[in-house]
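The sequence and the model are shown first, and a description follows.

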Amino acid sequence: MSHTSIEIGIVGAGSFGTAMAVHLSRKNYPITIWSYEQKVASDIQQFKENKTYLPGFILPDNIAATNELKKAVTGKRIILQANPAQATRSVMGEATPFLDPQAIIVNCTKGLENETLMTMSELLQEILPPSNAERLAFLSGPSFAREVASGAPTAVTIASKNLETARFCQDVISNDRFRAYTTDDIVGSELASALKNVIAVAAGISDGMGFGHNTRAAIITRGVAEILRLGKKMGAQ
């Protein structure tokens, strides 16, 4: 199968989902991006721009937008799940009847579900059909949306228990400016991605209170230690 024959669906047209659409469009994949908001989908179709979440970037013609979830996922080989954490259960639950049994779901969402404290991997394992749950992958890394869209050199991690899936996704999404590394440590990848935001907020509060680099360094250093201890307790490598 040639790369350009791989159809990609992106579920979630926020800043990161849109940035990944721009990035993947450079490899000439046919891409369909779904937005919950009709205006966002209409803007992308009419103006080739996500004026709400990623203004200033023109989206190429191989990116189509839709407000219909069925259109975004039906027949797609790879589906990027880029919804907010608290919307993931409802949206992906609605998408499941339309998934190809061979479709690979790549989760791009960071965070835990508030009510259950589930990670996104636990949540998706629970709601997806078994054939899709076996092919789950998780994208994480320092990957700010606007920098991804602009083509700034970026490195990310693709985590999957299925090494073949991880390597396939690595090959699909990587180019000369966007490098994906693989791991089977899903727990470590997810926890680090979610919990580092808590430490970042604390560091920002410290800066806002007028404290200096010593305080910020202490928060970050001890924060990393806490994330490491929690990760080990939960089975991370």
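The structure described here is a predicted model.

L117 has a relative accessible area of 60%, and therefore counts as exposed. This residue lies in the loop between strand 5 and helix 5. The phi angle of L117 is positive, at about 60°, although L117 is not a glycine. A positive phi in a residue other than glycine also occurs at N28, where the value is near 70°. N28 is placed in the loop between helix 1 (15-25) and strand 2 (31-34). With a relative accessible area of 52%, N28 is exposed.

An open sheet is formed by 8 strands, in the order 3-2-1-4-5-6-7-8, with mixed pairing. Strand 3 (63-66) and strand 8 (178-183) stand at the edges; each has a single partner strand, so one side of each is left without a neighbour in the sheet. From one strand to the next, the twist averages 25°.

Strand 7 (residues 154-159) pairs with strand 8 in the parallel sense, over 6 bridges. The bridge partner of T154 in strand 8 is F178.

## Helices on the sheet

Helix 1 packs on the sheet, where it touches strand 1 (8-11), strand 2, strand 3, strand 4 (78-81), strand 6 and strand 8. The direction of helix 1 makes about 175° with that of strand 2.

Helix 2 (residues 38-47) also packs on the sheet and touches strand 2 and strand 3. Its direction makes about 150° with that of strand 3.

## The buried side of helix 5

Helix 5 comprises residues 120-127, and M120, S121, L123 and L124 are buried in this helix. These residues lie on the same side of helix 5, because they cover an arc of only 160° around the axis.

The buried residues of helix 5 pack against helix 4 (85-95), strand 5 (104-107), strand 6 (137-140) and helix 9 (186-208).

## S193 in helix 9

S193 is a residue of helix 9. Its relative accessibility is 9%, and S193 therefore counts as buried. A polar atom of the side chain of S193 lies 2.8 Å from the backbone oxygen of S189. When neighbours within four places in sequence are left aside, S193 is in contact with K110 and S140.

Notes
Residues numbered from 1 in each chain as written. Predicted model: local features only at pLDDT ≥ 70, side-chain atom pairs only at ≥ 80, totals over all residues. Heavy atoms only, no water. Buried < 20%, exposed > 50% of the residue type's maximum accessible area, 1.4 Å probe, protein only. Helix = DSSP H or I, 4+ residues; strand = E, 2+ residues; numbered from the N terminus. Arc of directions from axis to C-beta. Contact = heavy atoms within 4.5 Å. Polar contact = N/O pair within 3.5 Å; in protein donor to acceptor, adjacent residues only side chain to side chain. Pairing = 2+ DSSP bridges. Axes fitted to C-alpha atoms, helices over the stretch in contact; angles between N-to-C directions.
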